[in-house]
Amino acid sequence: MAAHCNSAPLSCKPWRNRGPRPVSTLLPARLSLLPRTPFIFHSDRLKLSTCRWDKGVSAVVSEESAVGSSSSGTDAFKLTYLEGNSWLWDVSGVRILVDPILVGNLDFGIPWLYDAAKKFIKNFKLSDLPQFDCLLITQSLDDHCHLKTLKPLSDMSPNLRVIATPNAKSLLDPLFGNVTYLEPGQESIVESSNGSKVRIQATAGPVLGPPWQRPENGYLVISPQGQLTLYYEPHCVYNKDFLEKKRADIVITPVIKQLLPNFTLVSGQEDAVQLAKLLDAKFIVPMKNGDLDSKGFLASIVRGEGTIESFKELLSKELPDAEVLEPTPGEPLQIPPP
């Protein structure tokens, strides 16, 4: 069961836009499913800490949810959901920013066709981010590789460590000078200033184009002592043959399908159950990457299928010991080692 506890102060670093994409490459990010009261960032309400590099800024969150009991080991994952496909992960002190959409709306450069804003995390500034060690990009489209966000990040730190799909090379090379492109099966090490090292291995994700195109990436993230492994892929599309010999304690995945007429944008439900079963997951963290305030023609024709509750029911039949941990935007969810 999740329990609330006080968060430790984070040391912070201030971080200080994408041209139109062709309609042929457009796959919209996700549509609203359940209305909720907006969560608004107020810097004066968040914990403050002193930056090591520049001036003090607010941390992203003010409290965290802890799962299970504390352990003497140092391995732990702290997962902060920033809505859409965006995350901030703290893996035993190694902080990884994932697919950030933090500046402006998500519109693929064609706002009349699709335009989406976050529901809960509003008035967010890049300076609200804590110091982080790596930027992780899964896909080359705007809902993962968001140039409105990445351009100001690169202005602030052009040598920021980046790990990404090779499909995003033409977008990232002009912005960052320290990018590692991983094909499925390849891996790289990310090291924090405190010496902690996290291993990141790329896996095969969806093909967002013709069948001969290189797939986008998912990732396995292994904690410094190897006590915990996390799997992440934001479409719930995976290569079963590649993953069948892998294991992941934590699986972050969509569980609610997003469908266009005759086309699946994002999988979920039984596909997410089979993914969790394949990886023998102990914890499933469901993404609500369709829960955005969206408008435009594409938003009007995308529909969701399934709920978190129906996913839990399916999961209980296939993997009864697994626990579903629903993240709250802006609040870290802490998962300690076994």
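Visitor: What counts as a helix or a strand here?
Guide: Helices and strands are DSSP runs, numbered from the N terminus. A helix has at least four residues, and a strand has at least two. The model they are read from is predicted.

Visitor: Where is the place of Gln269?
Guide: Strand β18 covers 263–266, and helix α4 covers 270–278. Gln269 falls in the loop between β18 and α4.

Visitor: Is Gln269 buried or exposed?
Guide: Buried means under 20% relative accessible area. The relative accessible area of Gln269 is 6%, so Gln269 is buried.

Visitor: Which residues does Gln269 touch, leaving out those up to four places away in sequence?
Guide: Val255, Ile256 and Lys257 are among them. Glu305, Gly306 and Thr307 are also on the list.

Visitor: How many Å apart in space are Gln269 and Thr307, C-alpha to C-alpha?
Guide: In sequence, 38 residues separate Gln269 and Thr307. In space, their C-alpha atoms are apart by 7.9 Å.

Visitor: What does Thr307 do at the N-terminal end of α6?
Guide: A side-chain oxygen of Thr307 lies 3.4 Å from a backbone nitrogen. That nitrogen belongs to Glu309. Thr307 is the cap of the N-terminal end of α6.

Visitor: Which strands are the edge strands of the open sheet?
Guide: Three strands form the sheet, in the order β18-β17-β21, with antiparallel pairing. An edge strand here pairs on one side only. The edge strands are β18 and β21.

Visitor: What is the mean pLDDT of the chain?
Guide: A pLDDT of 70 or more is reached by 78% of the residues. Over residues 1–63, though, the pLDDT is below 50. Where pLDDT is low, the predicted coordinates should not be read in detail. For the chain, the mean pLDDT is 80.

Terms used: Residues numbered from 1 in each chain as written. Heavy atoms only, no water. Buried < 20%, exposed > 50% of the residue type's maximum accessible area, 1.4 Å probe, protein only. Contact = heavy atoms within 4.5 Å. Pairing = 2+ DSSP bridges. pLDDT = per-residue confidence, 0-100. Polar contact = N/O pair within 3.5 Å; in protein donor to acceptor, adjacent residues only side chain to side chain.
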